[in-house]
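Here is a note for a colleague opening this entry for the first time. Please read the points with the structure on screen.

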Amino acid sequence: MSDNTMKLTSAEGHSVELNLRKGTVGPEVVDISSLYREMGVFTYDPGFVSTASCQSAITYIDGGKGELWYRGYPIEQLAERASYLEVAYLLLYGDLPHAPQLAEFQRIIRYHTMINETLKNFFNGFHYDAHPMAVMVGVVGSLSAFYHDSLDIHDPRHREISAHRMIAKMPTIAAASYKHNVGEPFIYPRNDLDYCANFLNMMFATPCEEYTQDPVAVKAVNLLFILHADHEQNASTSTVRLAGSSQANPFACIASGIASLWGPAHGGANEAVLDMLQEIGDVSNIDKYIARAKDKQDPFRLMGFGHRVYKNHDPRATIIRKICHEVLNNMADNDSPLFELALRLEEMALQDEYFIERKLYPNVDFYSGIIYRALGIPNSMFTVMFAIARTVGWVAHWMEMMDDPQQRIGRPRQVYTGADRRDYIPLEHR
Ligand code: CMC
């Protein structure tokens, strides 16, 4: 893997040869793992701007070109042609499934969709107006108290069963968190429906009334789930890896990923975008909000704009923008005015020197909420939708890490800036 080296020389003249690693594509990576041993220094990189924390074969992003691949397949092709479970299989196992493999995968996921009846009691511990993401963190974490038959993380088959359980149960738990919120009874999963249709049924059916599936809604959810399925070493995935690196329970690791996703700088942005658009309210107010986003004294940011990796269009945002029209035209109670406002906001921001200079483009979350809202999903559930879709990404990375012979506990170092050594002073002398 390393056929190149880089020489680093300190001010005192000590030198060290560092290996340069080359992936399939992407920039070369300096392997600094021997740096402390050889030179007694650490590296400093807050936010991991220049640091590769692992090697991975799952997802590739070229932020300069605005490209995203899952296992080598461009996101545009998968979004247009694949089903979510086909993509889930691809992320988990490395290749697109043949028809019998997909049928078997669908069967397995279907038969893990129910949650233990006692798990329902956990929901009752939450007040009805608890944020559904708070419920998700708690209930998914509580899954770690179940399934003792398959929790040996050193057994690849046990890991696979846990992975299937998480992918299958996440929509059931998500829909239940919504039902708890609106005070309706939970709806059991239906094994005659596919993954996305089953989720919509659990969300919107009631014991009194069946939910009529709308193929446009199912297609839209399938597409958004594919776009959110993985995104290499983002904050929540890195959180799952770090939690898992201590050999923690896999369900607890995924709960930690959900906690990290919730923040508005990450997956919570889809909810924040809708709140922001509703607050802006009218095209005539856009100027004011753009001015606020540029004002360094004002903490306000244009939500759904900017990305750590993409310094060009986020390809996922481009795909979602395209299908917004189709979805909105098909929904009786649509939010076209909100979409028009978003389009105008994007247009104005992209003409503004501040956004141009900093290469700030709309990201995946800028338009996803508009679609979810048109489907009748409330703002507070948007990040939950993201969590359902991203579960396969988290699980795929956890499985990859557990299989990696180089895997060690994640243990970053620090620049200590506290007090120098000092002696304890007895209370009466302070
Ligand atoms: N509005 C206004 N200014 C911004 C924005 C924004 N949305 N995003 C970045 N900037 C400015 C920032 O103030 C800084 O300016 P300066 O160089 O003058 O100090 C510059 O652009 C670089 O920003 P940064 O915060 O250093 O960039 P980062 O890579 O640390 O943060 C980000 C990336 C996504 C957290 C940030 O762009 C942001 O807060 N965006 C809004 C929240 C959002 O949409 N998040 C969803 C991300 S995509 C989905 C996901 O990850 O789940």
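1. Start with Asp298. Its relative accessibility is 18%. The cut-off for buried is under 20%, so Asp298 counts as buried. Keep in mind that this is a predicted model.

2. Which residue does Asp298 meet in a salt bridge? The partner is Arg292, and the N to O distance is 2.7 Å. Arg292 counts as partly exposed because its relative accessibility is 30%.

3. A second pair is Lys294 with Asp352. Their side chains form a salt bridge at 2.9 Å, N to O. This pair links distant parts of the chain, 58 residues apart. Lys294 sits in helix H13 (residues 286-294). Asp352 lies in the loop between helix H15 (336-350) and helix H16 (353-357). Asp352 is buried, at 16% relative accessible area. Lys294 is partly exposed, at 32% relative accessibility.

4. Next, look within helix H15. The side chains of Glu347 and Arg344 meet in a salt bridge of 3.2 Å, N to O. These two residues are 3 residues apart in the helix, so about one helical turn separates them. Glu347 is partly exposed, with a relative accessible area of 41%. Arg344 is partly exposed too, with 32%.

5. Now the ligand. How many residues surround it? There are 22, and the closest are His266, Leu302, Gly304, Arg308 and Tyr354. A backbone N or O atom of Gly304 lies 2.8 Å from a ligand oxygen. The side chain of Arg358 places an N or O atom 2.9 Å from an oxygen atom of the ligand. The side chain of Asn363 also has an N or O atom 2.9 Å from a ligand oxygen. Taken alone, the ligand exposes 930 Å², and the protein buries 74% of that.

6. Turn to the sheet. It is open, with 3 strands in the order S4-S5-S6 and antiparallel pairing. Strands S4 (59-62) and S6 (73-74) are the edges, each pairing on one side only. S4 is joined to S5 (residues 67-70) by 4 bridges. Thr59 stands opposite Tyr70 in S5.

7. Last, the surface. Met6, Leu8, Val30 and Ile32 make up a nonpolar patch there, with about 250 Å² of accessible area together. Met6 belongs to strand S1 (residues 4-9). Its 33% relative accessibility is why Met6 counts as partly exposed.

Key:
Residues are numbered from 1 along each chain as its sequence is written. This is a predicted model: local features need pLDDT of at least 70, side-chain atom pairs count only at pLDDT 80 or more; totals for chains, interfaces and linings use all residues. Side-chain values use heavy atoms; hydrogens and water are left out. Two strands pair if DSSP finds at least two bridges between them. Patches are made of residues with over 30% relative accessible area and no salt bridge: like charges are joined within 9 Å, nonpolar side chains (Val, Leu, Ile, Met, Phe, Trp, Tyr) within 5 Å. Accessible areas come from the Shrake-Rupley method with a 1.4 Å probe; for residues, only the protein chains shown count as cover. A salt bridge is a side-chain nitrogen of Lys or Arg within 4 Å of a carboxyl oxygen of Asp or Glu. Buried means under 20% relative accessible area, exposed over 50%, partly exposed in between (1.4 Å probe, protein chains only). A residue is near a molecule or strand if one of its heavy atoms lies within 4 Å of it. A polar contact is a pair of N or O atoms within 3.5 Å; within protein, one must be able to donate a hydrogen and the other to accept it, and residues adjacent in sequence count only if both atoms are side-chain atoms.
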